[in-house]
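Please look through the model before reading the points.

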Amino acid sequence: MNKTIRRASVFTLLLVLALLGRATWVQFYEGQALADDKDNRRNAIETYSAPLGNIIVAGRSITGSAPTKNSDLKYKRTYTDGELYAAVTGYASQAYAPTQLEGIYTDLLNGTDNRLKSVMDTLTNQRADPGNVVTTIDPDVQKAAYDALGDKKGGAVAIDPKTGRILAVVSTPSYDPSALTDANTAGTAWKKLTTDPEKPLVNRALRQPLPPGSTFKLVVAAAALEDGLYSSVDERTDSPNPYPLPGTSRTLDNENPSAPCANASIRVALQYSCNNVFGKMAVDLGQDKVKAMADKFGFNDDKLDVPVRAYTSVYPSDMYPSETALTGIGQFDVTATPLQIAMVSAAIANGGKLVSPHMVSQITNSGGDVLQNYDDEAGTKEIVSSSTAEQLQSAMQTVVEKGTGTNAQVPGATVGGKTGTAQHGENNSQVPYAWFTSYGKSDSSGKEVAVAVVVEQSDAARSEVSGNGLAAPVAKAMMEAALKD
């Protein structure tokens, strides 16, 4: 054979072997990665080739699927009362990655979850019928919170203290997830939503921690009672008014200068929301003990899944005593979500025990068979003793009966609560956040609920911003809906 032809043949053979090797590598080693690539349109075509499974509230589907026209994506997601439930469902979009429950349960809802497959599906490698997500949301409580917040910017959460079931998750202003489902129109809607200064895509109930203000005084009071710094909520404290911040020339004053806050007991200090008492109490305990109690309630937990991953609520470390004093009133670098503050009230209402909060009850296959029951898996941990919990319940009731939280009173129910007005901005220049957290127990049915509400912004004048004025009425509406017979 001619030498040149022989060399060309060997070179050609090497090229063929290289091509075969590359094809084998792609097929067996990179195939799955390519299949899973977010830019692989075949995934979207497969996902939307049939109707998706549904998210269910109180036995009713609040999601659906509708056929499309002139598209290789045969179906698109639809929503019933989309704005009302957006903070729960999130969105499933032909153009963007899914969020909230739609994102967490993507495989279940599109039928690719292996738990859905029958033997025949496994043998034929066919996509199974999609499953459903059954939520713990109570539609009446959800709507009560949404309507009561109205055009205010804020968030609200309600929890059943006995079971940990989340009854409402509301964030306002909201958005309609249906605007993002169709690939042909989602881009315009996405631009509008992401450039909106009101940030409707932010889940203010679960994923926007803010300074909790005086609602955090419940955590400090719990730490003081558990530590033995004070034996009861009615023991007088050692609390000068105003309280000189250690190491500074400043004092910690009270909103109401005529309130009986000098050496006030925990009950009176919660009733009048005395800053001097809780600022000094935090310093007397020391930041480590306050942080330990905050951590028990759920602060600084970066893996709080309900099952949506909640943003971490923070109690800081490595502070000067003056800064520790400010954390005692929920300021400085303390931040919390409505979910976190609702957890504080839920644990107090439940005798000191916190049941893991969750907003999904079950996931099922298309026939309704339960694949996983989250109600049965909810864990319980003791945060404070039953004695401490009972004392705090009693003090919180005083707040609602004759203190700063009278707007939360619910006829036919025992209600305990705590207001909060959190300063923020440089030199506290911004409009304060209005907080309210509470628990309610029906005097007739025994039903219970714990709630937390934050109003980030409203039309109220700065002088009229208060937890009792803005947030307590929202909490009252939620409690009335949850406790009705």
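Is Asp 238 buried, partly exposed or exposed?

1. Asp 238 has a relative accessible area of 48%, so it counts as partly exposed; buried means under 20% relative accessible area, exposed over 50%, and partly exposed in between, with a 1.4 Å probe and protein chains only. The model is predicted, so local features need pLDDT of at least 70 and side-chain atom pairs count only at pLDDT 80 or more, whereas totals for chains, interfaces and linings use all residues. Residues are numbered from 1 along each chain as its sequence is written, and side-chain values use heavy atoms, with hydrogens and water left out.

2. Asp 238 and Lys 280 meet through their side chains in a salt bridge (3.7 Å, N to O); the term denotes a side-chain nitrogen of Lys or Arg within 4 Å of a carboxyl oxygen of Asp or Glu. Asp 238 lies in the loop between α9 (217–227) and β8 (243–244) and Lys 280 in helix α11 (residues 275–285), so the pair ties together parts 42 residues apart in sequence. Helices (H or I, at least four residues) and strands (E, at least two) are DSSP runs, numbered from the N terminus. Lys 280 is buried, at 13% relative accessibility.

3. The structure holds 18 salt bridges. One of them joins Arg 165 to Asp 375, with the closest N and O atoms 2.6 Å apart. Arg 165 is in the loop between β6 and β7 and Asp 375 in helix α15 (residues 374–377), so this pair ties together parts 210 residues apart in sequence.

4. An open sheet is formed by 5 strands in the order β7-β6-β16-β15-β14, with antiparallel pairing; two strands pair if DSSP finds at least two bridges between them. The edges are β7 (166–172) and β14 (413–422), each with a single partner strand, so one side of each has no neighbour in the sheet. Within the sheet, β6 (residues 153–159) and β16 (residues 448–457) pair over 7 bridges.

5. Thr 437 belongs to strand β15 (residues 433–442) and is buried, at 1% relative accessibility. Its side chain makes a polar contact with the side chain of Ser 345 (2.6 Å); such a contact is a pair of N or O atoms within 3.5 Å, where within protein one must be able to donate a hydrogen and the other to accept it, and residues adjacent in sequence count only if both atoms are side-chain atoms. A polar atom of the Thr 437 side chain also lies 2.8 Å from the backbone oxygen of Val 451.
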